[in-house]
Amino acid sequence: MFILKDYPMHLINNSLLLANVEIGTHYYWNIGGLILHGQVFIVSWVVITLLLILSYLGAKNLNRIPENWQNFTEATVEFTQDIARNQLGESYYRNWLPFVSTLFLFIFGCNWAGAIIPWKLIILPEGELAAPTNDINTTAALALLTSLAYFYGGLRKKGLGYFKRYLEPTPILLPINILEDFTKPLSLSFRLFGNVLADELTISVLVLLIPIFIPLPIMALGIFAGSVQALIFSTLAAAYIHEALE
Amino acid sequence: MDSIIAAASVVGAGLSVGLAAIGPGIGQGTAAGQAVEGIARQPEVENKIRGTLLLSLAFMEALTIYGLVVALALLFANPFVS
């Protein structure tokens, strides 16, 4: 593991520019023998708090004619409802709406928190604050949750008959069907992790080279890509659940 | 770090992103071209086409990202360095 700032580039990199690239350095917390990546926890707690505040404000006093925050929250929920309904269909989507919405809002919040909030102003002893989704552990956890969710959904609906789908369309495809259960979480986690990290790296490298104006369009692209990745993750999660249910 | 391993890793990292970009590049070009064709033929469904296009473009993008993940693993978390 090495840090990009070890290169001679650090000659143009002073604290005023706030630009260095750090990968593989973390702000370690040691809790009961477990080593945790502290920066991920801090930022995701911020995101969770923001989402809680939003849902509290949105549901504080409900009116028949929505106003202010309730309006905004309802629009958000309708958007995530559309994601779930398009994939899961009218008959199943209601049960899975909380899961799909939570995935969407959390990933969206994480990506935007990393892209918008100027975390560089807060200096940690080691590592740096950034989007929690740029850590492979976060995305792997989310992807494994999705795996658990579709197994649970399939087993709950069909019992042990769920495993019949491994023999379809022919038993010859059994190994490929089993392999699919591993590639699904793998591709989900790598896609999200790679996209978020790629955005941050591109911005960091550009800022390192040309600190003003030029990185701005890339930052806008990063914000856009962050929302699209959240949409894709939740859409795919809903699609996998639907596949297990039908 | 052994210099041979370092050199091979850097070359491999460059190749993994570069080669992974070829296929999705062609695919995204085809998809975008077809989408433009569709919009030109039926401008009234533009919003639907745009949504589907963005979603499928992001899927193709993911393939390059896999190459990028391999490149990052080679550069920052190389498993062959003891």
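**Aromatic rings and their contacts**

Analyst: In this predicted model, the charged end of Lys184(A) is placed over the ring of Tyr150(A), at 4.8 Å from the ring centre. Lys184(A) also lies over the face of Tyr240(A), again 4.8 Å from the centre of that ring.

Over all chains, the count of aromatic pairs comes to 16. One of them joins Phe79(A) to Phe104(A), with 5.5 Å from centre to centre and 55 degrees between the planes, a tilted arrangement. This pair links distant parts of the chain: Phe79(A) lies in helix H2 (residues 68-88) of chain A and Phe104(A) in helix H3 (residues 93-116) of chain A, 25 residues apart. Phe79(A) counts as partly exposed because its relative accessibility is 42%, whereas Phe104(A), at 6%, counts as buried.

A further pair involves helix H3. The ring centres of Trp96(A) and Tyr152(A) are 6.4 Å apart and their planes meet at 70 degrees, so the pair is edge-to-face; the angle required for that class is over 60 degrees. Here too distant parts of the chain are linked, with Trp96(A) in helix H3 of chain A and Tyr152(A) in helix H4 (residues 136-158) of chain A, 56 residues apart. Trp96(A) has a relative accessible area of 12% and is therefore buried, while Tyr152(A), with 48%, is partly exposed.

Technical notes: Residues are numbered from 1 along each chain as its sequence is written. Chains are lettered from A and ligands numbered from 1 in the order in which they are written. This is a predicted model: local features need pLDDT of at least 70, side-chain atom pairs count only at pLDDT 80 or more; totals for chains, interfaces and linings use all residues. Side-chain values use heavy atoms; hydrogens and water are left out. Rings of Phe, Tyr and Trp (its six-membered ring) pair if their centres lie within 6.5 Å; planes under 30 degrees apart count as stacked, over 60 as edge-to-face and the rest as tilted. Helices (H or I, at least four residues) and strands (E, at least two) are DSSP runs, numbered from the N terminus. Buried means under 20% relative accessible area, exposed over 50%, partly exposed in between (1.4 Å probe, protein chains only). A charge sits over a ring if NZ of Lys or CZ of Arg is within 6 Å of the ring centre and within 35 degrees of the ring normal.
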